[in-house]
Amino acid sequence: MVWFVLAGMAACAVLAAVWPLLRASPGAKADPAGNEGAFYKAQLEEIKRDVDRGLLPQGEAESARAEAARRLIAAASGPPQAPPNAARRTRIAAAAVIAVGLPAIAFPLYARLGQPALPDEPLASRQTAPQIDIAAAVAAVEKRLIEEPDDGKGWAVIAPVYMRLERYSDAAHAYSEALRLLGEDPLRRAAYGEALVAAAGGVVTDEARQAFDRALTEQPGQPQARFYRGLAEEQDGKKADASRDYQSLLADSPPDAPWRSVVNARLAALNGGPAPTTDAAAIPEAQRPMIEGMVNRLATRLASNGGSVDEWSRLIRAYTVLHEADKAKAALADAHKALASNANAVASLDALARDLGLGDAN
């Protein structure tokens, strides 16, 4: 059976190679030299028209005419074309050689080297496309940065990779180095602030706020920095200021801006509307997995080993950012129990509970 298939394939290959030789070309009767000569004659006419319109100086016109005339003479005195009958006989001879020679070579070669009875290789044993080892690639970049710590572009390249790997402190350091070595850039400064927020479990720290303020100084309309400035006001309990910042950002944003739904959700929560809980619209899409991962790790560590009042406050604020009020209240109660012997810590938790509208810490 396989030989019939091979014979059909060989016939198709021979036909594909022979058909252009046997088929007369529609433009075979055209005179290439004549066409080329007509082109240069038209060029000479165009030069004359440009001179008459004053578009071409006389000196340049003479040079152009001389070049066109030289090419026209060369085209007119080109090599003679072969007679039609001789060209046809040449094509037929070439087609015959292909029709006979291709099968005569292909079939004996396959009979000697081919293995038609060999079964297919199982899919499980076939090699898959090589996968990029992200860890190895990051390690290679880190090694080079150790050797060349002043490679600003290297820091700029690895910073967003750290963010995707949820290595937020490393990402903040990388952005900081890139800014130091490559100079100020509002987008990179805002990304640095975002890394600081992620490292803090979703809390806009003072250092992050300074980064966003500096980005806005360089680029007042920078939407990422404006959003986090509003988020900082919201976390500080300044709902009116946060609402004003969000509304201003919406007013300056195009209708199809991807962050509009995020800002609208924040405004709805501030105005007493339905606030989504851990919904993608509640926080920026890029921030949701980062914040949730950081919060979960922080909550597990505090439940197992306890922590300082700052760490408990960070966890409570992070739950508030995620609009998970029940978890925020539960964390507040756990923090109150864990730090009951520290009067200053308890007072700090009570103040935080009032600022966030969580009620009594007890």
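Predicted model: local features only at pLDDT ≥ 70, side-chain atom pairs only at ≥ 80, totals over all residues.
Residues are numbered from 1 along each chain as its sequence is written. Local features need pLDDT of at least 70 and side-chain atom pairs count only at pLDDT 80 or more, while totals for chains, interfaces and linings use all residues; side-chain values use heavy atoms, with hydrogens and water left out.

**Exercise 1.** Find helix H9 and work out which of its residues are buried and where they lie around the axis.

*Solution.* 
- Step 1: Go to residues 206-218, the 13 residues of H9. Helices are DSSP runs of H or I with at least four residues, numbered from the N terminus.
- Step 2: Check the span from the first C-alpha to the last: 19 Å, close to the expected 18 Å. The expected value is 1.5 Å times one less than the number of residues.
- Step 3: Pick out the buried residues (under 20% relative accessible area; exposed is over 50%, partly exposed in between, with a 1.4 Å probe and protein chains only). In H9 they are Ala208, Ala211, Phe212, Ala215 and Leu216.
- Step 4: Look down the axis of H9: these buried residues fall within an arc of 135°, so they line one face of the helix. The arc is taken from the directions from the helix axis to the C-beta atoms.
- Step 5: Recall that an α-helix has 3.6 residues a turn, so residues three or four places apart point the same way.

**Exercise 2.** Describe how Phe227 pairs with Tyr228 and with Tyr246.

*Solution.* 
- Step 1: Apply the ring rule: rings of Phe, Tyr and Trp (its six-membered ring) pair if their centres lie within 6.5 Å; planes under 30 degrees apart are stacked, over 60 edge-to-face, and the rest tilted. The count comes to three aromatic pairs.
- Step 2: For Phe227 and Tyr228, the centres are 5.4 Å apart and the planes at 80°, so this pair is edge-to-face.
- Step 3: Phe227 and Tyr246 make a tilted pair, with 6.0 Å centre to centre and 35° between the planes. This pair joins helix H10 to helix H11 (residues 239-252), across 19 residues.
- Step 4: Check burial: the relative accessible area is 6% for Phe227, 3% for Tyr228 and 0% for Tyr246.
- Step 5: Ring pairs link Phe212, Phe227, Tyr228 and Tyr246 into a cluster.

**Exercise 3.** Locate Gly306 and say how far it is from Ala338.

*Solution.* 
- Step 1: Gly306 sits in the loop between helix H13 (288-305) and helix H14 (309-321).
- Step 2: Gly306 and Ala338 are 32 residues apart in sequence, and their C-alpha atoms are 7.0 Å apart in space.

Key
Helix = DSSP H or I, 4+ residues; strand = E, 2+ residues; numbered from the N terminus.
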